[in-house]
Amino acid sequence: MSAIQPITDPLTVPFVLSWSLLESVSMQAPIVASGTAPVREVIKDGKTGLLADFLNPDEIAEKAIQLLSDYKLGEKLGKAARAHVVKSYDFEKVCLPQHLRQINALVPKAKAIALPKSK
């Protein structure tokens with residue numbers, strides 16, 4: 001029986017930022033993630049999480065062991081990651097206003113969508 005080989009097809013590499021990553025980080029969960037471009041938008045290695053090569057299971061395991069062995073590191077990374085996500089991805093303060101600006105740039109001013117008033 002042969003050993004299991006890692007997937008090396010480049011089409012399997014994540015190419016979008018996942019909502020589950022943002023949700024986990026927003027709850028201060030310490031993260032070990034692949035160092036793919038969309039993930040690097042949120043996770044800065046050693047600052048907001050730990051990154052490993054997507055195709056290197058040994059490196060992923062090493063980073064997971066590092067995180068599981070150091071509670072204080074996980075706590076520090078989780079807090080920093082949450083602060084980054086709240087600042088950069090808050091729906092009402094960041095994402096919705098950006099989307100509405102982009103939409104409104106495409107339509108006549110009379111049809112522009114107003115930003116809902118905060119509660």
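Among the contacts in the protein with a separation of 6 or more, 40% join residues 24 or more positions apart, where contact means heavy atoms within 4.5 Å. The model is predicted, and local features need pLDDT of at least 70, side-chain atom pairs count only at pLDDT 80 or more, while totals for chains, interfaces and linings use all residues. Residues are numbered from 1 along each chain as its sequence is written, and side-chain values use heavy atoms, with hydrogens and water left out.

The secondary structure comprises five helices and two strands. These follow the pattern α-β-α-β-α-α-α along the sequence; helices (H or I, at least four residues) and strands (E, at least two) are DSSP runs, numbered from the N terminus. Of the 119 residues, 24% count as buried. Buried means under 20% relative accessible area, exposed over 50% and partly exposed in between, with a 1.4 Å probe and protein chains only. The protein exposes about 8,900 Å², of which carbon and sulfur atoms supply 61%; accessible areas come from the Shrake-Rupley method with a 1.4 Å probe, and for residues only the protein chains shown count as cover.

The largest nonpolar core has eleven residues, namely Leu-21, Leu-22, Val-25, Ile-31, Ala-33, Val-39, Val-42, Ile-43, Leu-51, Ala-81 and Val-85. Such a core is a set of buried Ala, Val, Leu, Ile, Met, Phe, Trp, Tyr and Cys residues joined through side-chain atoms within 4.5 Å. Helix 1 (19-26) and helix 4 (71-89) are the elements that give two or more residues to this core, and helix 1 provides the largest share, three residues. Ile-31, a member of the core, touches Leu-21, Ser-24, Val-25, Ile-43, Gly-49, Leu-50 and Leu-67, not counting residues up to four places away in sequence.

Helix 3 (residues 57-69) packs against helix 4 at an angle of about 100°, with the axes 5 Å apart. Axes are lines fitted to C-alpha atoms, for helices over the stretch in contact, and angles run from 0 to 180 degrees between N-to-C directions. The two helices are therefore roughly perpendicular to each other, a term for angles of 65 to 115 degrees. Gln-66, Leu-67 and Ser-69 of helix 3 meet Tyr-71, Leu-73, Gly-74 and Leu-77 of helix 4.

Lys-63 is found in helix 3 and counts as buried, at 16% relative accessibility. Arg-101, by contrast, lies in helix 5 (residues 91-104) and counts as exposed, at 55% relative accessibility.

Technical notes: Parallel < 35°, antiparallel > 145°, perpendicular 65-115°, else oblique.
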